[in-house]
Amino acid sequence: MILNYGLNINFDIFNLIFKMKSILLIEDDLTYAKIIRIFLEKNGFEVTPCETLKGALLEIQKRPYDLAITDYRLPDGTGMEFLEYCNKNCPQIPVILITNYSDIRTAVRSMKLGAAEYITKPINPDELLLTVRESLTIPEKTQKASPKTGSEPGYFVGKSQRALSLENQISQVAPTDMSVLVLGESGTGKEFISRRIHEKSLRKNGPFVAVDCGALSPDLAASELFGHVKGAFTGAVDNKTGHFEAANQGTLFLDEIGNLSYEVQMKLLRAIQERKIRKVGGNKDVSVDVRIIAATNENLRDTATKGSFREDLFYRINEFTLEAIPLRERREDLREILELFLAQSNSFLGKTVTGFSDEVYRIFENYPWPGNLRELKNVMRRAVLLTGHGVVSVQAIPSELTAPLPSDENTVPIGQNPTASSAVTLRDQFEEQERELILRTLEAVRHNKSQAAKQLKMDRKTLYAKIEKYGIYS
Ligand SMILES: Nc1ncnc2c1ncn2[C@@H]1O[C@H](COP(=O)(O)OP(=O)(O)OP(=O)(O)O)[C@@H](O)[C@H]1O
């Protein structure tokens, strides 16, 4: 197996830091799951494999895993159902969703539902490792990492008309204490815009607390936002400070605010209007001085009219509206954004990629980017990882972005000696292992294909197809 290159050199250090983090791996393709498991174990993680949604739901209740990785398509459900369960019942466990690139919209939806990250098939080992390590460093899922002071590194403004107008509005509203509602598709930078407002405001030396309301379990949302007193409910073993208090004299960013229950909306309205909160189970009010910035990618006005979002709260948080711009509507800014993400990825990964070929640039220009800046950043990071140095070529970007190219042009043929910077994927390694496994089984059963198929738990037709695919008898 060729799994020992790239970022692996640092794994001893990571071992020390992470002290055998436990991962629940939900993947029904057993051979593929085995390869991922062995790869992660070699890199110092403890992996428990699971083949079904039902099994995974039972397993996650047994022990506090540090991370879960789930395939989207499972025999008895989807990875999304698993994600939803985790959000409600164990929101502290980051979940990475594996999807096909063609399911990018699913991936984007998974991020909205609180997935820590998504990775697309075919999986690149370095990318998998990077994503796992990054997800394990997220401090707490409902509260995002929030620097208290200093401006957001690498905030990109842009030169397009719409970008300039947005920046102008940010500058105008920032010094006021108005509540701001930031609208926009997933990944367009709503949180970045909100941080920008905070940094340009008079509260910039106070905290910026970002809360992902989509990841708050309905039962615990009030306690997360307003805190609780010891003994308020089973499990409230200590007093807890809520996000409101934590944001005192600063800004509270409520992402995906449409996900809050009606009851919590009521408490939120009171907190904003009266500038007072009451902890769950408490009997006295606590004064708070917090500016609210909320974000949503749904039509909150519609939701308010239909009654599932309180109209009074909608008007209270919507004193000023900003619209984050989808990437496809700011193509003039693309080249500059690419350069920024390239520089960021180089510095993050310690690589020296200098640019991209004209062909890559053309592909980027023609692609609709449904996942917006986040998707672009992920694609760039992957491309930098695979390229290492020099110029990013088409081989380093997901084949789905390059519609006219056959997808297998993107990978190195099995048997060919790959270089460290080439697109060797877990799929390649999976196929290599599968070929070996089939060959060994055939030899063990003296080439009796029915027996081999039985042992390999595949039907004869599939076995024949694989024998042909791998050229076993040719
Ligand atoms: N103005 C910007 N400058 C540089 N990078 C940005 C900018 N806006 C967004 N990004 C990048 O895109 C990623 C997604 O941004 P962000 O989380 O703010 O989007 P979002 O609209 O809040 O997403 P979601 O709807 O999924 O919560 C960020 O991690 C950041 O890397």
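Predicted model: local features only at pLDDT ≥ 70, side-chain atom pairs only at ≥ 80, totals over all residues.
**Reading helices, strands and a ligand shell**

Q: How do I read burial here: is His-198 buried or exposed?

A: The idea is to count C-beta atoms around a residue's own; 20 or more within 10 Å make it buried. His-198 has 28 such neighbours inside 10 Å, so it counts as buried.

Q: Which residues is His-198 in contact with, leaving aside neighbours within four places in sequence?

A: Arg-203, Lys-204, Phe-208 and Thr-251. Thr-251 is 53 residues away from His-198 along the chain, yet their C-alpha atoms are separated by 6.5 Å.

Q: How should I think about the rest of α8, and which of its residues are buried?

A: Start with the helix itself: an α-helix has 3.6 residues a turn, so residues three or four places apart point the same way. In this case α8 is mostly covered, with eight of its 10 residues buried. They are Lys-190, Glu-191, Ile-193, Ser-194, Arg-195, Arg-196, Ile-197 and His-198.

Q: Let us follow β10, then. How many of its residues are buried?

A: First the general idea: in a regular strand the side chains alternate between the two faces of the sheet. Strand β10 spans residues 208–212, and five of its five residues are buried. Phe-208, Ala-210 and Asp-212 sit on one side, Val-209 and Val-211 on the other, and both faces are covered.

Q: In which sense do β10 and β11 pair?

A: In general, strands of a sheet pair through backbone hydrogen bonds, either parallel or antiparallel. Here β10 and β11 (residues 251–255) pair in the parallel sense, over five bridges. Within this pair, Phe-208 stands opposite Thr-251. Phe-208 and Thr-251 are also among the residues in contact with His-198.

Q: Now a whole sheet, please. In what order do the strands of the five-strand open sheet run?

A: The order is β2-β1-β3-β6-β7, with parallel pairing. At the edges are β2 (46–50) and β7 (117–121), each pairing on one side only. On average, neighbouring strands of this sheet are turned by 20° against each other, direction ignored.

Q: How many bridges join β1 to β3?

A: Four bridges link β1 (residues 22–26) with β3 (residues 67–71), and the two run parallel. For a position to look at, find Ile-26, which stands opposite Thr-70 in β3.

Q: Which strands does helix α6 lie across?

A: Helix α6 (residues 125–136) lies across β3, β6 (95–100) and β7. Against β7 it runs at about 170°.

Q: On to the ligand. Which residues around the ligand are the closest?

A: Of the 20 residues surrounding it, the closest are Phe-156, Gly-189, Lys-190, Glu-191 and Phe-192. The elements giving two or more residues to the shell are α5 (104–112), α8 (190–199) and α16 (372–387). By type, the shell divides into seven nonpolar, seven polar and six charged residues.

Q: Why can we say that the ligand lies between domain 2 and domain 3?

A: Because both domain 2 (143–325) and domain 3 (328–424) give residues to the shell around the ligand.

Q: What about backbone angles: which value does phi of Gln-249 take?

A: Positive phi values are worth a look in residues other than glycine, and Gln-249 has one near 70°. Gln-249 lies in the loop between α10 (243–246) and β11, and it counts as exposed because it has 12 C-beta neighbours inside 10 Å. Trp-369 also has a positive phi, of about 50°. Trp-369 is in the loop between α15 (358–366) and α16, and with 22 C-beta neighbours inside 10 Å it counts as buried.

Key:
Residues numbered from 1 in each chain as written. Pairing = 2+ DSSP bridges. Axes fitted to C-alpha atoms, helices over the stretch in contact; angles between N-to-C directions. Contact = placed C-beta atoms within 7 Å. Near = placed C-beta within 6 Å. Nonpolar A, V, L, I, M, F, W, Y, C, P; charged D, E, K, R; others polar. Domains from an automatic or database assignment.
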